[in-house]
Amino acid sequence: MHDFQGRSQESPFRVIAELDPPKGANLESFLDFALQIRGRVDSIRITDCENAIMRMSPIAPCLTLSDIGFTPQMVINGRDRNRISFQADLLAAAALGVKEVVLQVGHDTSEGDQPMAKSSGDLDMPAMIKCATSLTRGRDLAGEELDGPTAYEVGVSLELSDDAAVNRKLAESFPAMADQGVRSVTLGPTYDLNILELFVPAAEQNNIRLYTSIMFLKSVVMIRYLNNLPGVPSVPQEYLKKMMDAPVKRDAGMHIAAELYRELETMSDGTVLVAIGLGERLPEFLTMIGR
């Protein structure tokens, strides 16, 4: 058991459910599922072609959720856009009432379902942050005055690494992000709490809300696959053993995630329940953690 101290207790721990938009034009099943967790999570985060899988843009799902009383968070990636289309989509979403955006570089297209697609290559994370925060200040990236600024709360999503030097460099970027107006940072999923510990003081010192992520483990095969991916944080052996010893692997994955959730409550301001891995069992997991 890790004993982390120092996380601010001024605001309650937030639980954010990540949902993928549909792969198609029908929003009915998406909305039906969102209604199942209504009132049980603090926010719903809508992904933007996560893992380079082509899906509906998050703008329409965010608008539809807003119409039924949610305050959604919209992920927007820089992989698929140049700086013109990136700003244009942010303006469109703001005009439709989106209040929170989470900036993400985006996975390489070779990992997705249409590997022949080309990435824009125009936007790294600092450029994305500058785009988003410039719009909130009433000017575009070229310095031209806007006919109405955006009112976004800007967050950033960062992928963690198995390389301590890479993670340290990410933590060292927090002061610059805070200076640009970033309000929250979401760390990609990991079961290695030692990696997460690196970011806690960086967030506290820069008044940035720190969100962790939980990806549900479905099987021994999934854990071994993740542990063989280059650059990806490994799942600690203790969790692999728990999965191997469990009679029902999918239930074991939920119990492991609930155990991680209790640890994360002590060290971060909230956690994102990642869409991959659990799907329709999310309401069951929310019951398990008392939500």
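Which side chain makes a polar contact with the side chain of Arg81? That of Asp48, at 2.9 Å. A polar contact here is a pair of N or O atoms within 3.5 Å, one able to donate a hydrogen and the other to accept it; residues adjacent in sequence count only if both atoms are side-chain atoms.

A word on the source. This is a predicted model, where local features need pLDDT of at least 70 and side-chain atom pairs count only at pLDDT 80 or more, while totals for chains, interfaces and linings use all residues. Residues are numbered from 1 along each chain as its sequence is written, and side-chain values use heavy atoms, with hydrogens and water left out.

Back to Arg81. It sits in the loop between β3 (73-77) and α3 (83-95); helices (H or I, at least four residues) and strands (E, at least two) are DSSP runs, numbered from the N terminus. Arg81 counts as buried because its relative accessibility is 9%, and the cut-off is under 20% relative accessible area with a 1.4 Å probe, protein chains only. A polar atom of its side chain also lies 2.9 Å from the backbone oxygen of Asn77.

Next, the core. The largest nonpolar core has 85 residues. That means buried Ala, Val, Leu, Ile, Met, Phe, Trp, Tyr and Cys joined through side-chain atoms within 4.5 Å. Helix α11 (residues 249-264) gives the most to this core, eight residues. Tyr191 is among those with the most contacts inside the core. Tyr191 touches Ile256, Ala257 and Leu260, among others; contact means heavy atoms within 4.5 Å.

Technical notes. Buried < 20%, exposed > 50% of the residue type's maximum accessible area, 1.4 Å probe, protein only. Lists of a residue's contacts leave out its neighbours within four places in sequence.
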